[in-house]
Amino acid sequence: MAEEAEKEVTTFEDFKLNKQLLNAIEEAGYQKPTPIQLQAIPTVMAGHDILGIAQTGTGKTAAYLLPILMKVKYAQGSHPRALILAPTRELAMQIEDSISLLAKYTDIRHTVIYGGLGPKTQIEIINKGLDIIVATPKRLMELYLKGALILKDLKTLVLDEADKMMDMGFMPQIRQLLEVL
């Protein structure tokens with residue numbers, strides 16, 4: 001017979017997140033995990049790939065960020081270990097804001113890179129060392145092909161709004177990136 005029934009996950013503590021993340025979650029006012037978080041977080045933390053589809057405002061970003069922040073844990077090395085691609089500068093900036101909110105009690109280094117402004121400042125930030133990078137596809141490939149961004153240490157890739165990236169014609173950059181990885 002089954003030994004002990006697995007405890008049902010109903011709180012963020014049940015995900016076995018570290019104290020730094022739990023403190024940031026509480027401060028952000030998150031009460032309890034949303035359905036997409038309940039399904040995605042344990043799967044991602046177990047090392048599986050997922051495809052998540054949910055309405056805007058249901059907590060999709062935290063559903064992939066919390067496992068990434070647990071996996072990355074602390075600042076280490078010079079090159080990014082997690083990459084989050086977003087189709088627009090606005091979404092990339094929102095994701096970066098979410099990382100800042102959830103990683104505020106960690107030393108994890110992160111930045112957002114996107115086009116529309118010169119790459120000089122972005123390259124300077126990259127050169128200081130990063131753990132997580134949020135980027136738009138075109139700027140990411142531009143900096144990679146320039147040699148300003150080294151992706152050999154990547155362990156996690158998120159394509160946020162992948163359908164929108166395809167609709168916007170980013171498939172060549174995504175294919176190119178996947179070949180690199």
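Is K73 buried, exposed or partly exposed? K73 is partly exposed, having a relative accessible area of 46%, a value that falls between the 20% under which a residue counts as buried and the 50% over which it counts as exposed. The model discussed here is predicted, and its protein chain averages a pLDDT of 91, with 96% of the residues scoring at least 70. Where pLDDT is low, the predicted coordinates should not be read in detail.

**Packing of α3 against α4**

- Two packed helices are described by the angle between their axes and the distance between the axes.
- Helix α3, covering residues 60-72, packs on helix α4, covering residues 89-102, at an angle of about 50°, and the two axes are 11 Å apart; that angle makes α3 oblique to α4.
- The crossing of these two helices, α3 and α4, is right-handed.
- On the α3 side the contact is formed by T61, A62, Y64, L65, L66 and L69, which meet I95, S98, I99 and L102 on the α4 side; taken together, the residues of this contact divide into eight nonpolar and two polar, with no charged residue.
- S100 also lies in helix α4, and because its relative accessibility is 35%, S100 counts as partly exposed.
- The C-alpha atom of S100 is separated by 9.3 Å from that of T111, a residue 11 places away along the chain.

**Helix α6 and its surroundings**

- Within helix α6, which spans residues 137-146, the buried residues are P137, R139, L140, M141 and L143.
- With regard to α5, its axis and that of α6 come within 12 Å and cross at roughly 65°, which makes α5 roughly perpendicular to α6.
- In this crossing, which is right-handed, the contact is made by Q122, I123 and I126 of α5 together with R139, L143 and K146 of α6, and its residues divide into three nonpolar, one polar and two charged.
- Just after α6, G147 takes a positive phi of about 85°.

**Positive phi at two lysines**

- Most residues other than glycine have a negative phi.
- K73, found in the loop between α3 and β1, has a phi near 60°, a positive value in a residue other than glycine.
- K16 likewise has a positive phi, near 60°; K16 lies in the segment before α1 (19-28), and its relative accessibility of 67% is why K16 counts as exposed.

- F15 lies in the segment before α1 and is buried, because its relative accessible area is 6%.
- Leaving aside neighbours within four places in sequence, F15 is in contact with V9, P33, Q37, L38, I41, P42 and M45, while the C-alpha atoms of F15 and L102, 87 residues apart along the chain, are separated by 15 Å.
- I108, in the loop between α4 and β2, is buried as well, with a relative accessible area of 7%.
- Not counting residues up to four places away in sequence, I108 touches L69, V72, K73, Y74, A75, D131 and I132; L69 is also one of the α3 residues that meet α4.
- The C-alpha atoms of I108 and Y74 are separated by 5.1 Å, although the two residues are 34 apart along the chain.
- T88 is found in the loop between β1 and α4, and at 16% relative accessibility T88 counts as buried.
- With residues up to four places away in sequence left out, T88 touches T136, K164 and M168.

Note on methods. Residues are numbered from 1 along each chain as its sequence is written. This is a predicted model: local features need pLDDT of at least 70, side-chain atom pairs count only at pLDDT 80 or more; totals for chains, interfaces and linings use all residues. Side-chain values use heavy atoms; hydrogens and water are left out. Axes are lines fitted to C-alpha atoms, for helices over the stretch in contact, and angles run from 0 to 180 degrees between N-to-C directions. Helices (H or I, at least four residues) and strands (E, at least two) are DSSP runs, numbered from the N terminus. Angles under 35 degrees count as roughly parallel, over 145 as roughly antiparallel, 65 to 115 as roughly perpendicular and the rest as oblique. A crossing is left-handed if the near helix is turned anticlockwise from the far one by less than a right angle, and right-handed if clockwise. Contact means heavy atoms within 4.5 Å. Ala, Val, Leu, Ile, Met, Phe, Trp, Tyr, Cys and Pro count as nonpolar, Asp, Glu, Lys and Arg as charged, and the others, Gly among them, as polar. pLDDT is the predictor's confidence in each residue, from 0 to 100. Buried means under 20% relative accessible area, exposed over 50%, partly exposed in between (1.4 Å probe, protein chains only).
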